[in-house]
Amino acid sequence: MSKIDYDLTLIRGIAFDIDGVLSPATIPMSADGIPLRMVNVRDGYALQLAVKAGLKIAIITGADSKAVEVRYRGLGISDIFTRAAHKVPILRQWMTDNGLSPAEVAYVGDDVPDIRAMMEVGLPACPADACPDVKAIARYISPVEGGYGTGRDILEQILRAKGLWMSDAKAFGW
């Protein structure tokens, strides 16, 4: 049974921020000043399974990182928007391009730049360590901190509600 108070069978698209959601909010820096992000392999598994199951996945981040693009393209995600200073226009265009209504979309964010985008969708969600302003508008607050399985938590619940979690052979591989 889902912990999310929303009809998850409606969800056809999920947009994710990166820093503080799919990676921890604290980011180590290289000696050259380049941010180095950690990724969670269970998030990765759930993301690639969601893509295979036909869900539309978007990454919308302010980050300017080749590594982010390489990581998420490697999981089958084609809609990756980096250097997103203003997320709402990108989110709206992605929804239009994919024929998604707000009720069919979840957005997972953690900080002030995500708030307006979260207000555009039916299921705004966040990790346990999101800022208070984000938690105040989230319909679901994952019990997991950003970068430690928030994506897996939310995607697994959506896929289970749709009967797509471990539903066929493609669920047991990468």
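How many cavities of 30 Å³ or more does the count come to? The count comes to 1.

## Basis

This is a predicted model, in which local features need pLDDT of at least 70, side-chain atom pairs count only at pLDDT 80 or more, and totals for chains, interfaces and linings use all residues. Residues are numbered from 1 along each chain as its sequence is written, and side-chain values use heavy atoms, with hydrogens and water left out.

## Cavity

A cavity is a set of points, on a 1 Å grid over the protein atoms alone, where a 1.4 Å probe fits but cannot get out; lining residues have an atom within 4 Å of a point. Grid points are joined across faces, edges and corners, and a volume is the space filled by probe spheres set on the points.

The largest cavity holds about 30 Å³ of space. Its lining residues include Leu49, Leu164 and Asp168.

## Salt bridges

The whole structure has 10 salt bridges (a side-chain nitrogen of Lys or Arg within 4 Å of a carboxyl oxygen of Asp or Glu). One of them joins Lys87 and Asp114, at 2.7 Å from N to O. This pair links distant parts of the chain, 27 residues apart: Lys87 is in helix H3 and Asp114 in the loop between S4 and helix H4 (115–118). Helices (H or I, at least four residues) and strands (E, at least two) are DSSP runs, numbered from the N terminus.

Lys87 and Asp114 are both buried, that is, under 20% relative accessible area with a 1.4 Å probe and protein chains only. Asp17, Lys87 and Asp114 are linked in a network of salt bridges.

## Val88

Val88 is also in helix H3 (residues 87–97) and is buried, at 14% relative accessible area. Beyond its neighbours within four places in sequence, Val88 is in contact (heavy atoms within 4.5 Å) with Arg116, Ala117 and Glu120.

Note on methods
Buried means under 20% relative accessible area, exposed over 50%, partly exposed in between (1.4 Å probe, protein chains only). On a 1 Å grid over the protein atoms alone, a cavity is a set of points where a 1.4 Å probe fits but cannot get out, and a pocket is an open set with protein on both sides within 12 Å along at least five of seven lines; lining residues have an atom within 4 Å of a point.
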